[in-house]
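I am opening my notebook to keep a record of what I looked up, entry by entry. The sequence and the structure come before the notes.

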Amino acid sequence: MDKRILFSRMRKSYFFMIGVVGIVLIFAICYLVPLFVHWDPEKNSLLDRLFPPEGFARGLEGHVFGTDALGRDVLSRILIGGQYSFRLAFMVVVLQMVIGTVLGILSGYLGGWADIIIMRACDAIMSMPTLIMAIAVLAVLGPSTQNLVLVLTLSGWIQLCKVVRNNVRVVKRQEFVLASRDLGAKLSHIMFSQILPNVTTNIIIIASQRLGFLIIMEASLSFLGLGIQPPAPSWGNMISAGRQYMTTQPWLILVPGFALMLAVLSFNFLGDGIRDVLDPKRKM
Amino acid sequence: MLYYIGKRFLQSLVVIFIVTLFAFVLVHAAPGNPARMMAGEYATDEQVAAMEERMGFNKPIYEQFWMYLEGLAHGDFGMSVVYNQPVLPIIFSRLPVTVQLAVGTVLVACLLSIPLGVIAGVTRAKFIEFFAMFFALLGQSMSSLWLGILLIYIFAVKLGWLPAIGTGGIEYLILPVLTMGYPMAATLTRVARSGMIDTMNEDYITATYAKGISNFQVYTKYALRNAMIPVITLIGLDLAMQLSGSVIVESVFSRAGVGQLMNQSVTSRDYAMIQAMLLISSFLFTFVNFIVDVINSIIDPRLSLY
């Protein structure tokens, strides 16, 4: 696609611009501000329990968002928790993209038994609700970051795989594919150098729309005690720990809650914006 | 069409088989001796051996799987170690609380989403469309976790209008239903809107206009019915997924439903219970999916050609 058209569409799409600005801001805050905050997000300090938020009265020297029940600085826990959450979401999305794309191309191009096996596996995984499956796997295998990545990856490549497969089935009938097959090109060359570039648009759209969902999943599992394990901070386990102080120290739930909402909202704006920019016909 | 229905039925059976195999392998992949786990922490060696004998853990793995399948076919989903009873009756006893929540959720979601989606799709006014899309996007970004906590904080802690947690009369149901209903309404708004836009572009709508029928009648009597097909499909599939949503909402609001049971089973390592929940939610989804496909193929026979 022509770069100039792409840029002008980006500027015209409100959703895309809001998403980009939001995410750049959130990333800058989560990755740059911790360099200036001297509180350790995991170190307990029982003398400093439940300090109320003092804002920027002392700049970043004080407890901007107060402290939690173990005397840890809420601001630094929010920022580090965000970093964990983003790292996890990006890792899972990349893994899902690779698995979904490879299996989708194999299924669509080879057809026959490969198609039947991969599609039935997709149906089986799709029939299990993501959260229930994640809870079951994490309960049995034990909660850890590897298992979290494993189970979130396992449950999310289906949609991508199905879309890629249907795309490939259309593309493989086109002349350039038939031509290179007749010229004796290797199977892997046809699948990944000839067909793949023709299906990347959908891959990017779907992958970008999954990021927000993954952050919610991680927070939900951490809230249930199956995700990121304390003392490591996560927005989900901070909300879970702050619940019993809701009446007296509400900042313990409000700060991580708003962080979660704003981050997911920005990613969802970006996802919808990317769809409008890359595929303006399919406006939902 | 019969060929198509038969094919879909066989596919559903294959799906159920794969899911069952997955659930079976999962529990057997658990670290540690399953018999010791099921017998409980303080069981003696004899008790563990008896448990091994009773559950057939000393038999070859394929025989165990066959026994498991036979049990499932007879409605035996295993024994709960915590309650020392079959798991199925325990799950059923918790079901009414969750069904109450699910029905309320669907009602709230429809009331919020269908009018908004339809108005946005019919008028295509820029302001209303932007509002509808923002409403949808915000709903997808408000996880039921955060929305539930926020509603409790505003309506129970700050204003004191509604009870925060517990099970009981209608006042206990309002906040959980809103918590689950809004995210669901978000998706439905999008689908209702695009369904309405597609339908309004059909030739038969132009024809009804040409006959001189009033705008309002065209929308409600002619367009709405067809535009609602994708909405109803989605509600059907969502119903099967409600179990998943109820895990978080029932944990936030301390409601004694199936979702809370799932949570407690994780804490008490009640593997048979977790396994049963996974299977039941998956079977339910597969069943609803099959029914939806059959109904759609009867309504629109072209679908069964693929």
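**Entry: between the two chains.** I looked up the pair A:Asp272 and B:Arg190 and found that their side chains meet in a salt bridge, with 2.5 Å from N to O, where a salt bridge is a side-chain nitrogen of Lys or Arg within 4 Å of a carboxyl oxygen of Asp or Glu. Across the interface of chain A and chain B, the rule finds 1 salt bridge. I note that this is a predicted model, in which local features need pLDDT of at least 70 and side-chain atom pairs count only at pLDDT 80 or more, while totals for chains, interfaces and linings use all residues. Residues are numbered from 1 along each chain as its sequence is written, chains are lettered from A and ligands numbered from 1 in the order in which they are written, and side-chain values use heavy atoms, with hydrogens and water left out.

I then counted polar contacts between chain A and chain B and found 5 residue pairs, both residues at pLDDT 80 or more; such a contact is a pair of N or O atoms within 3.5 Å, and within protein one must be able to donate a hydrogen and the other to accept it, while residues adjacent in sequence count only if both atoms are side-chain atoms. On the side of chain A that touches chain B, the elements giving two or more residues are H2 (14-32), H4 (112-127), H5 (130-141), H10 (200-223) and H12 (251-278), each a helix of chain A. Helices (H or I, at least four residues) and strands (E, at least two) are DSSP runs, numbered from the N terminus. The largest share of that side, 12 residues, comes from H12(A).

For contact, meaning heavy atoms within 4.5 Å, I found 44 residues of chain A against 49 residues of chain B. The two chains bury about 4,400 Å² between them, 80% of it on carbon and sulfur atoms, and buried area is the accessible area (1.4 Å probe) that two parts lose on being put together, summed over both.

**Entry: within chain A.** Chain A has 12 helices and 0 strands, and its C-alpha atoms fill a box of roughly 75 × 50 × 30 Å along the principal axes. A search over all chains gave me 9 salt bridges. One that I looked up joins A:Asp115 and A:Arg165, whose closest N and O atoms are 2.6 Å apart. A:Asp115 lies in helix H4 and A:Arg165 in helix H7 (residues 158-171) of chain A, so the pair ties together parts that are 50 residues apart in sequence. I also noted a cis peptide bond from A:Pro230 to A:Pro231, with omega near 10°, and A:Pro231 lies in the loop between H10 and helix H11 (235-242) of chain A.

**Entry: within chain B.** Chain B also holds 12 helices and 0 strands, and its C-alpha trace spans about 85 × 60 × 30 Å along its principal axes. Where does H5(B) bend? I found a bend of about 40° at B:Leu95, with a proline, B:Pro96, following within four residues; the bend is the angle between axes fitted to the seven residues ending there and the seven starting there. After H5(B) comes B:Arg124, whose phi is positive, near 55°. B:Ser254 has a positive phi of about 50° although it is not a glycine, and I placed B:Ser254 in the loop between helix H10 (215-252) and helix H11 (258-267) of chain B.
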